[in-house]
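Student: I have a model open on my screen and would like to understand the labels attached to it. Could we go through them together?

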Amino acid sequence: FMYSPVRWQHSLWLLSSLVWLWPSLQNYILFTKLKLSWNEAQHYCRAQYSDLATISDEQDISRINNLAKDWDRAFWIGLYDDVNSWKWSLVGERFYTEVGTDYRKWQEDQPDNAGAVEHCVSMMEDGLWRDNSCTLVKVPLICYRGEL
């Protein structure tokens with residue numbers, strides 16, 4: 001059984017396309033059946049993968065939106081309020097683009113820290129973010145998988 005040169009080239013092109021796409025598809029894992037607090041979600045992602053999802057630019061938003069395109073509820077991401085500023089759970093400058101740790105995509109009138117208890121961030125079905133209670137709210141989560 002022999003491959004024709006055209007079929008072999010097509011197979012090679014298809015394989016190289018899959019290899020090129022593979023890293024971007026592998027970075028995020030959405031868990032829709034789990035409903036956890038932010039702290040529980042962070043613990044789960046750190047134990048199983050790297051951490052809760054870190055979003056540093058529009059490309060990350062696009063990847064996550066593609067992954068969650070059939071999902072119509074909020075899910076936890078790795079942003080939290082560290083007393084004086086919003087920080088990402090995943091540490092390490094190599095995980096961020098030029099925009100880096102300052103990238104934000106808040107819903108209108110967010111963050112609002114309602115009741116002075118909203119210190120963790122969920123991404124809504126429209127791709128925008130809002131702050132929530134880290135312990136009282138239980139929603140699905142999205143983890144980041146990468147080398148630490």
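Tutor: Two strands are said to pair if DSSP finds at least two bridges between them. Helices (H or I, at least four residues) and strands (E, at least two) are DSSP runs, numbered from the N terminus. This is a predicted model, where local features need pLDDT of at least 70 and side-chain atom pairs pLDDT 80 or more, while totals for chains, interfaces and linings use all residues. Residues are numbered from 1 along each chain as its sequence is written, and side-chain values use heavy atoms, leaving out hydrogens and water.

Student: How many helices and strands does the protein have?

Tutor: There are 3 helices and 7 strands, in the order α-β-α-β-α-β-β-β-β-β from the N terminus.

Student: What makes strands β2 and β7 a pair?

Tutor: Strand β2 (residues 51-52) and β7 share 2 bridges, antiparallel, and the rule asks for at least two. Leu-52 has Cys-143 in β7 as its bridge partner. Strand β1 (residues 28-36) is also joined to β7, through 5 antiparallel bridges, and Leu-36 stands opposite Val-139.

Student: Why is strand β7 called largely enclosed?

Tutor: Buried means under 20% relative accessible area, exposed over 50%, and partly exposed in between (1.4 Å probe, protein chains only). In β7 (residues 139-144), 6 of the 6 residues are buried, so the rest of the structure largely encloses this strand. Across the 148 residues of the protein, 39% count as buried.

Student: How do you know that Glu-40 and Lys-138 form a salt bridge?

Tutor: The term calls for a side-chain nitrogen of Lys or Arg within 4 Å of a carboxyl oxygen of Asp or Glu. Here the closest N and O atoms are 3.1 Å apart, so the pair qualifies.

Student: Why is Glu-40 called partly exposed?

Tutor: Its relative accessibility is 35%, which falls between the two cut-offs. Lys-138, at 44%, is partly exposed as well.

Student: And what makes Asp-60 buried, while Arg-63 is partly exposed?

Tutor: Asp-60 has a relative accessible area of 8%, so it counts as buried, whereas Arg-63 is at 27% and counts as partly exposed. Their side chains meet in a salt bridge at 2.9 Å, N to O. Both residues lie in helix α3, 3 residues apart, about one turn of the helix.
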